[in-house]
Amino acid sequence: MAKNRLLFIDNLRTAMIVLVILVHLSVTYGGEGAWFYKERPADMLTITALSFFIAVTQCYFMGVLFFLAAYFTPSSYDRKGPRRFLRDRLLRLGIPLLVYEFVIHPLQAYPLIKAGALDIDGSFGEMLAGYYTSFHLGSGPLWFVEILLVFSFVYVGYRLLRNDPPTSEQKAPPGSLTLIALAAGMGLANFLVRVRLPVAWSLDPLRLQLPFVSQYACMFGLGIVACRNDWLARMSRATGRRWLALAAVLIFVIFPLLFTLGGALEGDVGKFLGGFHWQAFAYAMWEQLVGVAMIVGLTVLFREHLNRQGSLAKEAAGAGYATYILHTPVVILVTLAVRDVELYPLLKFALVALVMVPLCFALGAAVRRLPVARRIL
């Protein structure tokens with residue numbers, strides 16, 4: 001694939017990292033979900049709008065990041081070989097994972113404690129002592145990096161066992177029935193997991209997001225197959241348009257209908273998140289069908305219309321990984337700094353987002369320029 005054809009992949013990854021920041025900011029100002037700091041109370045319109053945004057975004061944004069990370073994995077392995085590939089993965093994934101876990105994550109608790117947004121037993125020093133004497137990994141958004149590192153090891157094991165030589169014969173991109181079957185399989189897998197482990201459950205001490213892991217594993221595998229068969233370049237425009245149209249129907253027609261019939265308007269959302277309920281099954285199927293539709297549709301959309309970069313987009317693409325790692329303390333500090341500003345919460349979310357997103361990317365770009373950091377980030 002020619003180098004200039006990869007610009008849309010950089011831009012798509014940047015867009016997904018922007019969504020990561022906005023999802024966490026949405027939880028701060030009233031959306032459903034877990035986050036370090038939340039402003040309450042929020043009115044019903046704000047809660048509904050931000051929760052809707054989170055629910056839809058959660059269907060696909062991390063799946064896209066796993067897919068794009070996998071897309072470059074085979075060529076990297078072919079170029080470096082297993083030993084150098086793993087060394088590179090440990091450098092680029094393992095070091096940020098450890099730095100966040102043992103430096104950024106515990107220290108960002110301090111401003112929360114000072115602001116009265118986090119209650120702890122004892123002093124901050126005692127909290128740190130307890131934190132460092134217990135085992136944990138993958139805290140905050142770095143669970144993604146942790147799982148990606150695991151997938152990288154699995155891929156190396158697969159290549160060593162199979163030892164498949166590269167082939168020039170390419171398979172055609174998957175058709176609609178295949179993609180629907182993939183979505184249904186992921187939805188069924190997620191439903192079965194959520195019968196016992198509902199949405200928001202994670203496996204401690206590794207913070208593994210098991211209620212969503214089927215999509216992440218499938219998208220990583222699909223990204224590898226897509227690379228070998230050049231699917232990102234070969235997927236037709238018509239396919240992208242069809243799947244984006246389907247996503248629009250699923251999001252703006254089926255979603256409100258599903259949640260209305262399932263009792264969500266009366267505040268009964270628990271049955272959608274897990275357990276042996278028809279709502280949990282329908283939600284899991286809807287979620288994965290939206291995920292596949294958006295991943296296919298957005299990939300084609302960006303390839304056809306956003307396959308170029310100015311200096312700002314290029315800088316943002318280069319700083320994307322650092323931004324993902326560092327955005328959490330920025331979101332915490334900025335939202336704490338403006339917590340006494342009285343504004344309608346939905347408006348406050350929008351105004352803070354306008355400042356937050358470029359600030360996070362600016363920090364990511366600055367840190368990436370530090371000695372050694374560029375090799376890692």
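I call a residue buried under 20% relative accessible area, exposed over 50%, and partly exposed in between, using a 1.4 Å probe and protein chains only. By that rule, F191 is buried, because its relative accessible area is 7%.

**Ground rules.** I am working on a predicted model, where local features need pLDDT of at least 70, side-chain atom pairs count only at pLDDT 80 or more, and totals for chains, interfaces and linings use all residues. Residues are numbered from 1 along each chain as its sequence is written, and side-chain values use heavy atoms, with hydrogens and water left out.

**Aromatic pairs.** I looked up ring pairs next. Rings of Phe, Tyr and Trp (its six-membered ring) pair if their centres lie within 6.5 Å; planes under 30 degrees apart are stacked, over 60 edge-to-face, and the rest tilted. How many aromatic pairs does a search of the whole structure find? I noted 28.

I checked W143 and F144. Their rings make an edge-to-face pair, 6.4 Å centre to centre, with 85° between the planes. W143 is buried because its relative accessibility is 11%. F144 has a relative accessible area of 9%, so F144 is buried too.

Then I turned to F191 and F281. Why is this pair edge-to-face? The ring centres are 5.3 Å apart and the planes stand at 85°, so the pair gets that label. I also traced where the two residues sit. F191 is in helix 8 (residues 176–196) and F281 is in helix 13 (residues 278–305). The pair links distant parts of the chain, 90 residues apart. Helices here are DSSP runs of H or I with at least four residues, strands are runs of E with at least two, and both are numbered from the N terminus. F281 is partly exposed, because its relative accessible area is 36%.

**Cluster and charge.** I listed one aromatic cluster made of F66, W143, F144, F151, F212, Y216, F220 and Y324. F212 came up again with R194. The charged end of R194 sits over the ring of F212, 4.9 Å from the ring centre. The rule asks for NZ of Lys or CZ of Arg within 6 Å of the ring centre and within 35 degrees of the ring normal.

I looked along the loop between helix 8 and helix 9 (213–229), where P205 lies. The peptide bond from D204 to P205 is cis, with omega near 5°. R207 is in the loop between helix 8 and helix 9. R207 is not a glycine, yet its phi is positive, about 60°. At 22% relative accessibility, R207 is partly exposed.

I found V372 in the loop between helix 15 (345–368) and helix 16 (373–376). Its phi is also positive, near 80°. Is V372 buried or exposed? V372 is exposed, because its relative accessibility is 61%.

**Cavity.** I searched on a 1 Å grid over the protein atoms alone: a cavity is a set of points where a 1.4 Å probe fits but cannot get out, and lining residues have an atom within 4 Å of a point. Points join across faces, edges and corners, and the volume is the space filled by probe spheres set on the points.

I counted one cavity of 30 Å³ or more. The largest cavity has a volume of about 150 Å³. It has 14 lining residues, and F67, L222, M235, I295 and V296 are the closest to its centre. Helix 13 gives the largest share of the lining, five residues.

Methods
1 Å grid on protein atoms, 1.4 Å probe; cavity = no way out; pocket = protein on both sides within 12 Å on 5 of 7 lines; lining within 4 Å.
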